[in-house]
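Hi everyone, thanks for coming. Please get the viewer up on your screens, and we'll walk through this one together.

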Amino acid sequence: MTQPRLREVTCPGASRTDPATHRMAYWSWGDERNPRVLICVHGLSRQGRDFDHLARTLARHYHVVCPDVVGRGHSDWLADPKGYQVFGYVGDMVALVQRLKAERGQSEPLETDWVGTSMGGLIGLAFSTLPPEVSGARMRRFVLNDVGPRLRHEAIVRIGEYLGQPMRFDDEAQAAAYLRSISLGFGPHSDEDWLALSRPLLRPAAEGGGLILHYDPAIAEPFKTMNADSAASGEAMLWQVYDALRCEVLLLRGADSDLLDRDTAVAMSERGPRAQLVEFAGVGHAPTLVAPDQIDVVSRFLLA
């Protein structure tokens, strides 16, 4: 299977001030009746097509599901930006799992594996706190891609400098060059691979021609309220969540990551679920799971 199917699920209101339902799009790979389900959730300003290379490899073994988190890609934008929060996204993932269960006519929880890049890993951690009768799933294996309980404030500041900025591009090449300039941490990619990663991040501008980024600029509003104090206060809670994981965990880290420092990664390998730690040389935040060695590490962990 070389291309995914685009599906959607209706999700509950994201906040009290935005009670209307919204639509979350997701990309479906492989046999949709396969009882083995892999959920892949992208980073803050990305979308579900980031996982195309990994999904093509694993679609023979899984039903691979790659959502466009609300506000991104083909999903709806929220009326109230306060809804762009991790726990709101978790509610959408519950709706997604319940949709998958209903399609299978299944009442018991799904056995799921999870790959979460950056924000997608934090969503997975929060999702793991829900009992299976609420979430609809039991997490079997969990890949945390360059994220953990302690996030370096310097990286948060860096991301905040470009997130939500109004941008317009004349063509794909110009847009890809800009995206490459703010994504140097992703590591080296061929021009072909980078263009494939960039195309789904673009949409035609409604007026005036050209291309704009695929996400709602308002996703930056809650993010920009983060500071060193709020990050520190959330750290203790995230360690508790991490330590409570009862599934096998693979932790990927770009050796030059500015978001997940090595001390935190090593600590994650020594406590709680004792994650298997793999670092990729020449990569910062975050590995794109496009390079063959990265795909191989994830595949071997999930299929072991």
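Let's start with a pair of strands. Strand β2, residues 22–29, pairs with β4 in the antiparallel sense, over four bridges. A word on terms: helices (H or I, at least four residues) and strands (E, at least two) are DSSP runs, numbered from the N terminus, and two strands pair if DSSP finds at least two bridges between them. Before we go on, please keep in mind that this is a predicted model, where local features need pLDDT of at least 70 and side-chain atom pairs count only at pLDDT 80 or more, while totals for chains, interfaces and linings use all residues. Residues are numbered from 1 along each chain as its sequence is written, and side-chain values use heavy atoms, with hydrogens and water left out.

Back to our pair. Within it, Ser-28 stands opposite Val-65 in β4. Strand β4 has another partner too: strand β3, residues 37–41, runs parallel to β4, and three bridges join them. There, Val-37 stands opposite His-63 in β4. If those two words are new to you, strands of a sheet pair through backbone hydrogen bonds, either parallel or antiparallel.

Now, is β4 buried or exposed? Five of the five residues of this strand, 63–67, are buried, so β4 is largely enclosed by the rest of the structure. Buried here means under 20% relative accessible area, exposed means over 50%, and partly exposed is in between, with a 1.4 Å probe and protein chains only. Both faces of β4 are covered: on one side sit His-63, Val-65 and Pro-67, on the other Val-64 and Cys-66, all of them buried.

Let's zoom out to the whole sheet. It is an open sheet of eight strands, with mixed pairing, in the order β1-β2-β4-β3-β5-β6-β9-β10. At the edges we find β1 (5–11) and β10 (276–280), each pairing on one side only. From one strand to the next, the twist averages 25°; for such angles, axes are lines fitted to C-alpha atoms, for helices over the stretch in contact, and angles run from 0 to 180 degrees between N-to-C directions. Further along the order, β5 (residues 110–117) and β6 (residues 137–145) pair in the parallel sense over eight bridges. One example: the bridge partner of Glu-111 is Arg-138 in β6.

Next, click on Cys-40, which is found in strand β3. Cys-40 counts as buried, at 1% relative accessibility. What does Cys-40 touch? Leaving aside residues up to four places away in sequence, its contacts (heavy atoms within 4.5 Å) are Phe-51, Leu-54, Val-64, Val-65, Cys-66, Pro-67 and Val-115.

On to charges. The structure holds 20 salt bridges, a salt bridge being a side-chain nitrogen of Lys or Arg within 4 Å of a carboxyl oxygen of Asp or Glu. In one of them, the side chains of Asp-50 and Arg-46 meet at 2.8 Å, N to O. Asp-50 is buried, with a relative accessible area of 12%, and Arg-46 counts as buried at 8%. Another joins Glu-248 and Arg-141, at 3.2 Å, N to O. That pair links distant parts of the chain, with Glu-248 in strand β9 (residues 248–254) and Arg-141 in strand β6, 107 residues apart. Glu-248 counts as partly exposed, at 42% relative accessibility, whereas Arg-141 is buried, with a relative accessible area of 9%.

Here is a charged residue without such a partner. Lys-101, in helix α2 (residues 86–104), is buried yet has no salt bridge. The nearest side chain of opposite charge, that of Glu-108, is 7.3 Å away; Lys and Arg count as positive and Asp and Glu as negative, while His and the chain ends are not counted.

Last stop, helix α7, residues 191–198. Which of its residues are buried? They are Trp-194, Leu-197 and Ser-198. Seen down the axis of α7, these buried residues fall within an arc of 95°, so they line one face of the helix. That arc is taken from the directions from the helix axis to the C-beta atoms. The buried residues of α7 pack against α6 (172–181) and β7 (202–204).
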